[in-house]
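Hi everyone, thanks for coming.

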Amino acid sequence: MTTVRLNSADPVSIDTDALIVGFRSGPDGPRPVTGDESLETAFGGKLAASLDAVAFTGKTGELAKLPTFGATAAPLLVAVGLGDSPDTDGLRRAAGAAVRSLAGTARAALVLPAGSPDEAEAVALGALLGAYAFSRYRTDGEQKPPVSELTVVSGQPGGVAERASVLAESVALARDLVNTPPSDLWPAKFAEIAEQSGGKAGLSVEVLDEKALKDGGYGGLIGVGQGSANPPRLVRLSYKHPEAGKTLAFVGKGITFDSGGLSLKPSASMDWMKSDMGGAGAVLGALIGIARLGLPVNAIGYLCLAENLPSGTAQRPSDVIHSYSGKTVEVLDTDAEGRLVLMDGIARAAEDEPDVIVDVATLTGAQIVALGWRTAGVMANDDAVRELVLDAARAAGEGAWGMPLPEELRKGLDSPIADLANLQPERWGSMLAAGIFLKEFVPEGVRWAHIDMAGPAFNKGEPYGYIPKGGTGAITRTLIGLAERHASI
């Protein structure tokens, strides 16, 4: 486990294995953004020239490593480019990329702008997120361990580092869950992890098994999960604060593996479907983070857990299921299963009478087509709620974009035999149509937002900034930020 602390000492004298220094471009070459006089003196005025010799310019994301030859207590200097005027997420990304590049190094100190609490937290959080590694299944010993001890050069109070640690650990939990193979993470196992980790954080945890779900009328969860030998679960997590004036409800899609059911996915689209529980992972991580931070808000989380597999007992295209809300749904495509478990979770969450419901899901491939791999789509039945979610996402540095819920798309969900169908016949606007489907299960007068993060939840490419390959923990910090905003209302 990586730890972080703040230290206001002269960076030249800090006892560490690597010194990470942020640089901007200047007319005389790259210049340290902070600690420049001390560093320049230590290097005899030749630091900029040394970096110029290895073609380092200080542009955003650029990295260079130099031996210090005793100029500093650290034997290695890592220069990271900050561009012209980095914002807090720019600091997070720079810190994450630099720390990630030091895998195999035990200790590192970061000399980046950290003169305010927000800057210091950004550097600490980015460094912790960049130090993440998932090595549970590696036996070859080739994967280098991440940096274990981090020091941020800053005069800010230590509480900043504690908060960054809570946020990073919440994200790490969501990442670990996404990265865990479905052979080790089925619905009951996920529920067990939620009970253990949630209980440790002080959350109240309730788990409904398949019998309770059937008796309770949760037709969506039962229908999706009936094809698997691993039955579905619904987990309710609850955090209460005595000074809370607002209540938030988060609902997470938790398909621990999505084969598509009888509407089977092509094999090329299936190998990363262990990530289809990323919404539930984000909700669990967020609830634990909210509890550990002691935010003065009430928060409830629902994890809608099922495994979508084909078998002789699987639901069939043309089946009609009875949802928890009482509405009936004709299943035209068993691969449009996420909305079926969420419709039950949303309807149940509304019974808690929250001020707002936010569901989080890796819901549609159309989200990736429309917005790419790094930007989630945000829809809502209330413009102010949508903007609040987007503001929380922007502050967290998590890509999100507001999307509409066009009324004309509702007709495409009509069914000749049920209240509605789970899929519209045309592919155009299918991310929006999925949001419109979910809106049908939000009671009148309840404020609600839907986050489709199919792309952002899993990074299939190379690591970048503080984002690793594989599970990203996307939207976890956005949900915590949303809780903080409601705590201050």
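Let's begin with a pair: the side chains of Glu-398 and Thr-478 are joined by a polar contact of 2.6 Å. A polar contact is a pair of N or O atoms within 3.5 Å, where within protein one must be able to donate a hydrogen and the other to accept it, and residues adjacent in sequence count only if both atoms are side-chain atoms.

Before going on, please keep in mind that this is a predicted model: local features need pLDDT of at least 70, side-chain atom pairs count only at pLDDT 80 or more, and totals for chains, interfaces and linings use all residues. Residues are numbered from 1 along each chain as its sequence is written, and side-chain values use heavy atoms, with hydrogens and water left out.

Where is Glu-398 found? Look at the loop between helix 12 (383–396) and strand 16 (400–402). Helices (H or I, at least four residues) and strands (E, at least two) are DSSP runs, numbered from the N terminus. Leaving aside neighbours within four places in sequence, Glu-398 is in contact with several residues, including Ala-393, Gly-473 and Thr-478; contact means heavy atoms within 4.5 Å.

Eight strands form an open sheet with mixed pairing, in the order 8-9-11-10-14-18-15-16. Two strands pair if DSSP finds at least two bridges between them. Strand 8 (204–208) and strand 16 are the edge strands, each pairing on one side only. Helix 12 packs on this sheet and touches strand 14, strand 15 (376–380), strand 16 and strand 18, and its direction makes about 160° with that of strand 16. For such angles, axes are lines fitted to C-alpha atoms, for helices over the stretch in contact, and angles run from 0 to 180 degrees between N-to-C directions.

Inside the sheet, strand 14 (residues 356–361) and strand 18 (residues 448–452) run parallel, joined by five bridges. Ala-361 has Asp-452 in strand 18 as its bridge partner.

There is also an open sheet of three strands, in the order 12-13-17, again with mixed pairing. Strand 12 (320–322) and strand 17 (420–421) stand at the edges with a single partner strand each, so one side of each is left without a neighbour in the sheet.

Last stop: strand 1 (residues 3–7) pairs with strand 7 in the parallel sense over five bridges, and Thr-3 has Glu-149 as its bridge partner. Strand 6 (residues 107–111) also pairs with strand 7 in the parallel sense, over four bridges.
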